[in-house]
Amino acid sequence: ISKQLIYHYFNGKDDLYSEMLATIARRNYEKLIAPDYDAMAPLDAVRTFFEVLFDVYQADPFSATVTVDQGLHGGAQVRYNRGVERLRETLRAQLGRVLDRGRASGEIVPECDVAMLHFLAVVVATGCLSLRPMFLRYTGDDPQGSLGDESRWRASICDFFLRGVRA
């Protein structure tokens, strides 16, 4: 692929990067809206949402890295995309119904809203996944210890996240 061909379709590197971000977001949201959250108990639905999000980022570390990168740069290359917006609104509607049921039943803290749940889930998942290798080197912790045991590590992070939501 030549540089000329790229600039035929995109105005510059930022536009190309923005399109890549939209493609990643669409793919991730499609996976996040797939579970039938309405058929689950509220806390089970929140756990499933977090586990799917975590698994999406774990399966595609680049996705987690560009999310952190955009966070560090104020979303400089994030552009409005109608398809991404529709998927995001679908997810937020699903999670909104879950939170409404959970608050009504007393299972979920009243101050937890969809925006906060979504934001904190992304921060916890991307932070844990992108920082673990550095943290192991920095602390000298045994990679075979608790941070190296994938299933234990994932379950601990998910439990930690749920403690912030549970009433």
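Helices here are DSSP runs of H or I with at least four residues, strands are runs of E with at least two, and both are numbered from the N terminus. With that in hand, the elements of this protein run α-α-α-α-α-α-α from the N terminus on. That comes to seven helices and zero strands.

Before going on, a word on the source. This is a predicted model, in which local features need pLDDT of at least 70 and side-chain atom pairs count only at pLDDT 80 or more, while totals for chains, interfaces and linings use all residues. Residues are numbered from 1 along each chain as its sequence is written, and side-chain values use heavy atoms, with hydrogens and water left out.

Now the overall picture. The C-alpha trace spans about 60 × 45 × 25 Å along its principal axes. The protein has 167 residues, and 37% of them count as buried; buried means under 20% relative accessible area, exposed over 50%, and partly exposed in between, with a 1.4 Å probe and protein chains only. Contact means heavy atoms within 4.5 Å. Of the contacts between residues at least 6 apart in sequence, 72% join residues at least 24 apart.

Next, the core. A nonpolar core is a set of buried Ala, Val, Leu, Ile, Met, Phe, Trp, Tyr and Cys residues joined through side-chain atoms within 4.5 Å. The largest one holds 39 residues, and those touching the most other members are Val46, Phe49, Phe50, Leu53, Leu91, Leu117 and Phe161. Two or more residues each come from helices H2 (13-33), H3 (42-59), H5 (82-105), H6 and H7 (150-163). Which helix gives the most to this core? H3 does, with ten residues. As for leucine 53, if residues up to four places away in sequence are not counted, Leu53 touches Leu32, Ala121, Val122 and Ala125.

On to H6, residues 114-139. This helix has 26 residues and reaches 35 Å from first C-alpha to last, close to the expected 38 Å; the expected span is 1.5 Å times one less than the number of residues. Where does H6 bend? The bend is at arginine 132, by about 50 degrees, and proline 133 follows within four residues. A bend is the angle between axes fitted to the seven residues ending at a residue and the seven starting there. Buried residues of H6 include Leu117, Ala121, Val122, Ala125 and Arg132. After H6 comes glycine 140, with a positive phi near 75 degrees.

Last, glutamine 94, in helix H5. Glutamine 94 counts as buried because its relative accessible area is 12%. Leaving out residues up to four places away in sequence, Gln94 touches Leu32, Ile33, Pro35, Tyr37 and Asp38.
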